[in-house]
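Hi,

Here is the structure I promised to pass along.

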Amino acid sequence: MLNPDYLIIGGGSAGAVLAARLSENPATRVLLVEAGKDTAPGAVPADVDDLFPSSSLNPQYFWPGLKAQRRDGGPLHPFPQARIMGGGSSIMGMWALRGVPSDFEAWVKAGADGWGWNDLLPYYRKLENDLDRDRSQTTPAPYTIRRPPHQDWPPFAHAMERAAHARGLPAVADINENPGQGFFPMPISQSEATRSSSASAYLTAVVRRRPNLAIMTEALVTRIRFDGLRASGATVRRAGELTDIDAGEVILSAGAVHSPAMLLRAGIGPADELARFGITPLAVRAGVGRNLQNHPYLNFALTLPANARAPEHLRHFAVAGLRLSSGLANCPEADLLIFAIARVSGHGFGPALAMVGAGVYAPFSRGQVTLNSTDAGVEPHIALSLLSDPRDAPRMVQAARYAEDLMLDPQVAATFNDAFLLPPTLALNQFNRPGVAGKLAAKAFSVVLNAPPALSRGVLNRVLRPGRWIGNRDRRSALSDNEILEAAAPMGHVTSTCSIGRRDDPMAVVDTQCRVIGIQNLRVVDASVMPSVPSANTNLTTIMVAERAADLISAAR
């Protein structure tokens, strides 16, 4: 299909939704182009379907060589971003958290009229097939969500829940329907058998048989094509061949890193950056690539005795969470998140090691995405600028201190052998390696984690450097604030680089209809249009944004 009505660039959490919803109209021709591999029904890779997020360990599902600068002036680190059908929903940890009302009040204040909590709540409910919720009065929804049964939680998570209640935090059965402070079972994107992704939920076998929908995978869009100020299509490289595709409308759904990079290469962005690369401006929009946001977090590891582990056959990752408020001036409620993870690997040793994480979920720090080259094959520069806003570092320390205090509460500490601060790396990558080396490492971890606690503690204290042992039921080693801040790392929740805003706001990139300001027939629909990062993992909100945008686009025809 070389002349669709809608050309959707990117088949991730948003793009798959758009392709399914826009092709519901049989008179509308839709072409979805994805740079990564497909995950077609009946051919979904086993690691993508796995209830443990094994797919997050497969480098074939990510953009190769992508790196980010975590702190201003700091070195570059690998920064995984999905390149597979379903995007982040196919490789993430499967947390299915909504944002909270204050997130969307901030969006409206930033100029996203019509994107407030009351506007968007129906779209969350439209997508959620929540198995733990009474669905007798709701219409069928595509995206399955459930919670790990309480009886399947390992003892440390039960003890954390009791300790949180003792500190005055309430129990919340459904944190999505009752946002705010409290301890809750983690809603997760899966059925009892498989992961939920935007691809599996929306690009079903029935949807893929529609004659007006075409899907092109392992195809890289090298440029957006224009006729004056009107987007007219794109050039796609597939199997070494370039193809020009004409389209009635182009929709960028390439994510908060690659969508702004494509706009910049097309001449849409800050004047100084376009001039630096000799790019002829089409539309000067100072906000393209700016305002990047992400959640900073850190992890603690807990070694569990054999009688205090989750059953080996259960593959739950996150089991519970705790939202709380920092109480700092000018910070919203429920701005911090603590979470409990029941296992760190799909290998047999996985349940022997648990994690407790802490993060700032309403950060103020802003980074940026800028070009390294006009060549689409060269990845852009990502500067996350974590903790650069003076309000973020104190809250990072506060969240970590709360998690530390909770873990070392006597009733919680009684359920594990030792606690460790982990270094600022992706924790799953630290405990899981591919191939033969990974199998050997898994055997070594199994031996270490089943050894006497003193031996296990000594080995892990060396292996986990620059992390270290911090305590157990008998004693503790105090962490400094600097150690906490040095352990903070970025999540994969980048947003806001093509923000929705008012047309007269120079930092706004798209209007409230997701149309690129100053350009015709070009929209952006993905996490990049969020004016600020939601106080939640971003996948569910990205799908919600796509559901809302699909209605806006359909209504405009």
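**What I found**

In helix 1, the buried residues are Gly15, Ala16, Val17, Leu18, Ala19, Ala20, Arg21 and Leu22, where buried means under 20% relative accessible area with a 1.4 Å probe, protein chains only. Helices here are DSSP runs (H or I, at least four residues), numbered from the N terminus.

A word on the source: this is a predicted model, in which local features need pLDDT of at least 70 and side-chain atom pairs count only at pLDDT 80 or more, while totals for chains, interfaces and linings use all residues. Residues are numbered from 1 along each chain as its sequence is written, and side-chain values use heavy atoms, with hydrogens and water left out.

Leu18 also turns up in the largest nonpolar core, which has 81 residues; Leu18, Leu7, Trp115, Leu203, Leu263, Leu522 and Val525 touch the most other members. Such a core is a set of buried Ala, Val, Leu, Ile, Met, Phe, Trp, Tyr and Cys residues joined through side-chain atoms within 4.5 Å. Helix 16 (residues 539–555) gives the most to this core, 9 residues. Another core, of 58 residues, lies apart from it and includes Phe156 and Met407.

Leaving aside neighbours within four places in sequence, Leu263 is in contact (heavy atoms within 4.5 Å) with residues including Leu252, Val288, Cys498 and Leu522.

Enjoy exploring!

Terms used. Buried means under 20% relative accessible area, exposed over 50%, partly exposed in between (1.4 Å probe, protein chains only). Helices (H or I, at least four residues) and strands (E, at least two) are DSSP runs, numbered from the N terminus.
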